[in-house]
Amino acid sequence: MTRHKTFRLVVDALLMAIVLVQNIFPFLGYIPLGPFSMTLIGLTVIVAGTALGPKDGLLIGGFWGLITFIRAFTWPSSPVAPLVFTNPLVSVVPRLLMGLAAGLVYLWGRQRQWSMRRSMRVAAAVAALTNTILVLGMVFFFYQTPAVATAFGAKGNQTLGYVLMISLVTNAVPELVLDVLVAPLIAVPLRRRWDKISAQILK
């Protein structure tokens, strides 16, 4: 059991360190795309959820959300961040649920006898959409103001809903494609190692 817990703690600590580094160094975690930024950090959260499980996805997602919340006050990643990510319902909750979704969907896929790689691809897609849709949905629900619409790049009679739909396309699609393609490449070896250690303990 000690080896099992040690491996889990080491990987969780490594993934948290990666999330921290991604938040510190430009282009490792965020790629500016208009008012928002395309995030690469979701990839790390998906790896945690699929390789180790829903609890670990929840942990790494929550860690990312907490950093997003703090950065909104101190070092915003985009012009929109100080306006919306100071609300933990926008900055923290979607990240938490992203990690949880990645782990649960992966397990669901495996229960349906899907391959490890296929399960991870579907989990990555669902997790990426969970984060993007929840963030944009929360913004739409809580921030129906001209200032926020302008920060998102609204012009003339364009509404917040309109520019959020544009952001959904410009941000969600690239992030989803990236996560689906890359997450299994990292998560499959980790998951196999995790399953091997678990099997040895159960013997």
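View 1. R191 is buried, with a relative accessible area of 9% (buried means under 20%, exposed over 50%, partly exposed in between, with a 1.4 Å probe and protein chains only). This is a predicted model, in which local features need pLDDT of at least 70, side-chain atom pairs count only at pLDDT 80 or more, and totals for chains, interfaces and linings use all residues. Residues are numbered from 1 along each chain as its sequence is written, and side-chain values use heavy atoms, leaving out hydrogens and water. R191 forms a salt bridge with D195, with 3.3 Å between the closest N and O atoms (a side-chain nitrogen of Lys or Arg within 4 Å of a carboxyl oxygen of Asp or Glu). D195 counts as partly exposed, at 29% relative accessibility.

**View 2. A salt bridge between R8 and D56.** Here the closest N and O atoms of R8 and D56 are 2.6 Å apart. R8 belongs to helix α1 (residues 2–24) and D56 to helix α3, so the pair ties together parts 48 residues apart in sequence; helices are DSSP runs of H or I, at least four residues, numbered from the N terminus. D56 is buried at 2%, while R8 is partly exposed at 25%.

**View 3. Helices α3 and α6 side by side.** The axes of α3 (residues 54–74) and α6 (residues 93–111) come within 6 Å and cross at roughly 160°, with axes fitted to C-alpha atoms over the stretch in contact and angles running from 0 to 180 degrees between N-to-C directions. The two helices are therefore roughly antiparallel (angles over 145 degrees). Residues in contact (heavy atoms within 4.5 Å) include W64 of α3 and M98 of α6.

How values were computed:
Parallel < 35°, antiparallel > 145°, perpendicular 65-115°, else oblique.
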